[in-house]
Amino acid sequence: MAKFNLNINGKERELDVDPTTPMLWVLRDHIKLVGTKYGCGIAQCGACTVHLDGTAVRSCQLPISSVGDKEITTIEGLSEKGDHPVQQAWLEVDVPQCGYCQAGQIMTASALLEKNPNPSDEEIETAMNGNICRCGTYTRIKKAVKIAANSINA
Ligand code: FES
Ligand code: FES
């Protein structure tokens, strides 16, 4: 076990855990932020996506010891009232079906638009490509990313 001070959703958190613990389990089991989901555990599905200093990363493959003082943002911290432009677009298009993959989809989409507020269809496809949706909501996801981009650029 080792002590870590993490910045999660703008709050300082002190934890005493095994240094190899993936951030996904730190979030879910230790901090009880369960919006971030476990899908595959091997960086292949994107369900566990969070932001590390604004970049989308797979928390199932992110050991707590590698985080340092970087800021972690989860779906719970993306906006105060669930009104981030991506979240609003998701509501407008009614994207989710079962919902399981959607926190990861939203975190990937919001990181993309933060870096590239006006992505082309191809750029959206490339950025979202690694986020698997078993319900096949891909068409609605692309539509919602475009609506979010329009609203950010308005
Ligand atoms: S659970 Fe992390 S990528 Fe699938
Ligand atoms: S909405 Fe069901 S897995 Fe994506």
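Q: Which residue of S5 is the bridge partner of Ile8?
A: In this predicted model, local features need pLDDT of at least 70 and side-chain atom pairs count only at pLDDT 80 or more, whereas totals for chains, interfaces and linings use all residues. Strands S1 and S5 pair in the parallel sense over two bridges, where pairing requires that DSSP find at least two bridges between the strands. Strands are DSSP runs of E with at least two residues and helices are runs of H or I with at least four, both numbered from the N terminus. The partner of Ile8 in S5 is Ile72.

Q: In which sense do S3 and S5 pair?
A: Residues are numbered from 1 along each chain as its sequence is written, chains are lettered from A and ligands numbered from 1 in the order in which they are written, and side-chain values use heavy atoms, leaving out hydrogens and water. Strand S3 spans residues 49–52 and strand S5 residues 71–73, with two bridges between them. Ile72 of S5 is the bridge partner of Leu52. The sense of the S3–S5 pairing is antiparallel.

Q: What is the order of the five strands in the open sheet?
A: S1 is joined to S2 by seven bridges, and S3 is joined to S4 by four. S1 also pairs with S5, as does S3. The pairing in this open sheet is mixed, and the order of its strands is S2-S1-S5-S3-S4.

Q: What is the angle between the direction of helix H3 and that of S3?
A: The open sheet has five strands. Its edge strands, each pairing on one side only, are S2 (11–17) and S4 (55–58), and the twist from one strand to the next averages 40°. Helix H3 (residues 102–115) packs on the sheet, touching S3, S4 and S5, and its direction makes with that of S3 an angle of about 35°.

Q: Which residue in the turn between S1 and S2 has a positive phi?
A: S1 (residues 2–8) and S2 run antiparallel, and the bridge partner of Lys3 in S2 is Asp16. The two strands form a hairpin with two residues between them. The turn residue with a positive phi, of about 50°, is Asn9.

Q: Which residue in the turn of the S3–S4 hairpin has a positive phi?
A: S3 and S4 run antiparallel, and Leu52 stands opposite Thr55 in S4. Two residues lie between the strands of this hairpin. The residue in its turn with a positive phi of about 50° is Asp53.

Q: How many residues in the contact of H2 with H5 are nonpolar?
A: The axes of H2 (residues 85–93) and H5 (residues 138–153), lines fitted to C-alpha atoms over the stretch in contact, with angles from 0 to 180 degrees between N-to-C directions, come within 8 Å and cross at roughly 130°. The contact, defined by heavy atoms within 4.5 Å, includes Pro85, Val86 and Trp90 of H2 and Ile141, Ala144 and Ile152 of H5. Nonpolar covers Ala, Val, Leu, Ile, Met, Phe, Trp, Tyr, Cys and Pro, charged covers Asp, Glu, Lys and Arg, and polar covers the others, Gly among them. The contact has one polar residue, three charged residues and, as nonpolar residues, 11.

Q: What is the hand of the crossing of H3 and H5?
A: The axes of these helices come within 11 Å and cross at roughly 40°. H3 and H5 are therefore oblique to each other, since angles under 35 degrees count as roughly parallel, over 145 as roughly antiparallel, 65 to 115 as roughly perpendicular and the rest as oblique. A crossing is left-handed if the near helix is turned anticlockwise from the far one by less than a right angle, and right-handed if clockwise. The crossing of H3 and H5 is right-handed.

Q: How many charged residues does the contact of H4 with H5 have?
A: Helix H4 (residues 121–128) and H5 have axes that come within 11 Å and cross at roughly 120°, which makes the two helices oblique. The contact is made by Asp121, Ile124, Glu125 and Met128 of H4 and by Ile141, Lys142, Val145 and Lys146 of H5. By class, four residues are nonpolar, none is polar, and the number charged is four.

Q: What are the two residues of the aromatic pair?
A: The structure holds one aromatic pair. The ring centres are 5.3 Å apart and the planes stand at 40°, so the pair is tilted; rings of Phe, Tyr and Trp (its six-membered ring) pair if their centres lie within 6.5 Å, and planes under 30 degrees apart count as stacked, over 60 as edge-to-face and the rest as tilted. One residue lies in helix H1 (residues 23–30) and its partner in the loop between H1 and S3, 13 residues apart. The two are Trp25 and Tyr38.
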